[in-house]
Amino acid sequence: MLDTIIKGGTVVTAADTYKADVGIKDGRITIIAADLTDAAEVIDATGLLVMPGGIDSHVHIAQPSGDGITMADDFESATRSAAFGGHTTLLPFCLQTRGQSLRDAVSWYHGLAEGNCYTDVSFHLIITDPTPQALNQDLPALVADGYTSVKVFMTYEGMKLTDKEILQTLAAAKSSGALAMVHAENDDAISYLRDVAADRGETAPKYHATTRPIPAEREATHRAIALAEIIDVPIMIVHVSNGDAIDEIKAGRARGSKVFSETCPQYLVLTADDLDTDGFDGARFVCSPPPRDTASQVACWAGIEQGVFDVYSSDHCPFRYDDSEGKKHPDGLKSFKWVPNGIPGVETSLPILFSEGVSKGRIDLQRFVALSSTNHAKMYGLYPKKGTIAVGSDADITLWDPTRQETLRQEILHHGADYTPYEGIEVTGWPVRTILRGKTLVADGTLMQDKGVGAYQGRALSGQRLEG
Ligand code: DUC
Ligand code: ZN
Ligand code: ZN
């Protein structure tokens, strides 16, 4: 006898759409067939899409963010919010602070996550201190232990690496098999433009966008790809915001480089105009790279439609707005330079992609599943345990009502932030039930499990076999 049957729905994978029942036993999918009977629990999925649970491979949770600044989400609230948004797995970052060992960084995040998660989680590393110990000893050992991806920053005081350090890190990634992720913005250009802005007394949030212009991202994207070519290693360019950066990715691929790329909802539905408000309100939209212009939105949509982007993530990086430990940090009120950098989005990202993408006819269901689940699992070594609906896979399943209409509003969300940058956006298509390893996490807007149901997932090396 099965534990659960999901009955009467339409199964959607990155490859196919078909009517079938899904049978679950001991947390795994054990049978997919036309008409299943005999289970302890039968979930009626009539009229619903039965999709792989969302995987968000770019979220920041409880990350140290500077003196007197606190991220709005811990593992409990972030994974709860993610589950309401149709996700079953998150990949947050373990930030190595300077002077800290990679192992200590990993242990610290495990301590925060343990027993507190609703979704499954796995960790990327962020290297800010590429010592020989970190690169030659800790990284290979951690990759062998299932931490198979590593992010580097080309910007931010205290986090950015020099080009030589990036080369050293890419070489270590190559020899250990880790997938390198790159935050590509030219820090000297940003620093220069900030000095100019300071001289002019330009302190409002809108200057966050003007001092991080598209050429700064384009140049750094080009350089990151060139550095990866020198080492001959694949890289993932994260949070790509505009057409110039996309052109660099396409050019790299045309040269034969293994360049992968990610975009995020803020580059599809927000613009720099959102930062340009009276007073301080624009701080709600301060993130990096900043939202751009409508031409950049069009370019990012083309990248989604044409397969340039491999994955779509939220870059959930939440700070409360009306809070002296958040956007209204005393220094942030003085200048955009000190406004905590990041926006919440893990609960709203999938409805935005479904509605703006599938419901508006820009992408089909297969591409939606590839971008929101399957490709993350393949890219980051979780496939086929995660990221698909197949016999033997974890029963991580989200039921979507493709016709349900909602308006994104702070009051319906479950994150720790006190606002959503997507307030007022109307969506068609909504995740109505989220199932993790056979257990219903959320059904019809109600949380059904206690925290701790989500587990840590070690990962294999990146598969880099993508669909859609
Ligand atoms: N980079 C990220 O990846 N997330 C938030 C802020 C940033 O700069
Ligand atoms: Zn980044
Ligand atoms: Zn990020």
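Two elements, β7 (49-52) and α13 (365-379), each supply at least two residues to the lining of the largest cavity. Helices and strands here are DSSP runs, H or I over at least four residues for helices and E over at least two for strands, numbered from the N terminus. The term cavity refers to a 1 Å grid over the protein atoms alone: a cavity is a set of points where a 1.4 Å probe fits but cannot get out, a pocket is an open set with protein on both sides within 12 Å along at least five of seven lines, and a lining residue has an atom within 4 Å of a point.

Before I continue, a word on provenance. This is a predicted model, in which local features need pLDDT of at least 70 and side-chain atom pairs count only at pLDDT 80 or more, while totals for chains, interfaces and linings use all residues. Residues are numbered from 1 along each chain as its sequence is written, chains are lettered from A and ligands numbered from 1 in the order in which they are written, and side-chain values use heavy atoms, with hydrogens and water left out.

To return to the cavity: the count is 1 cavity of 30 Å³ or more, and the largest holds about 30 Å³ of space. A volume is the space filled by probe spheres set on the grid points, which are joined across faces, edges and corners. The lining consists of M51, P52, G53, G54, G86, L350, F368, V369, S372 and W400. Helix α13 gives the most to this lining, with 3 residues. By class, the lining has 6 nonpolar, 4 polar and no charged residues. In this scheme Ala, Val, Leu, Ile, Met, Phe, Trp, Tyr, Cys and Pro count as nonpolar, Asp, Glu, Lys and Arg as charged, and the others, Gly among them, as polar.

The largest pocket has a volume of about 1,100 Å³. Of the 48 residues that line this pocket, S65, Y156, E157, M159 and N341 are the closest to its centre. The elements giving two or more residues to the lining of the largest pocket are β12 and α5 (187-199), and α5 gives the most, with 6 residues. The classes in the lining of the largest pocket are 17 nonpolar, 18 polar and 13 charged residues.

Next, the metal sites. Which residues are the protein donors of the zinc ion (ligand 3)? They are H58 (NE2), H60 (NE2) and D315 (OD), lying 1.9 to 2.0 Å from the ion. Donors are N, O and S atoms within 2.8 Å of the metal (3.2 Å for Na, K and Ca), and because water is not among the atoms, sites may look incomplete. The sequence spacing of these donors is H-x1-H-x254-D. H58 is buried, at a relative accessible area of 0%, and D315 is buried at 7%. Buried means under 20% relative accessible area, exposed over 50%, and partly exposed in between, with a 1.4 Å probe and protein chains only.

The zinc ion (ligand 2) lies 4.1 Å from the zinc ion (ligand 3). K151 (NZ), H183 (ND1) and H239 (NE2) coordinate the zinc ion (ligand 2) at 2.1 to 2.3 Å, with the spacing K-x31-H-x55-H along the chain. Since K151 lies in strand β12 (residues 149-153) and H183 in strand β13 (residues 179-183), the pair ties together parts that are 32 residues apart in sequence.

Why is β12 largely enclosed by the rest of the structure? The reason is that 5 of the 5 residues of β12 are buried. On one side these are S149, K151 and F153, and on the other V150 and V152. Strand β11 (residues 124-126) runs parallel to β12 and is joined to it by 2 bridges; I126 has K151 as its bridge partner. Two strands pair if DSSP finds at least two bridges between them.

Finally, an open sheet of 4 strands has the order β5-β4-β1-β6, with mixed pairing. Because β5 (28-33) and β6 (39-44) stand at the edges, each with a single partner strand, one side of each is left without a neighbour in the sheet. Strand β4 (residues 21-25) runs antiparallel to β5, joined by 5 bridges, and V22 stands opposite I32 in β5.
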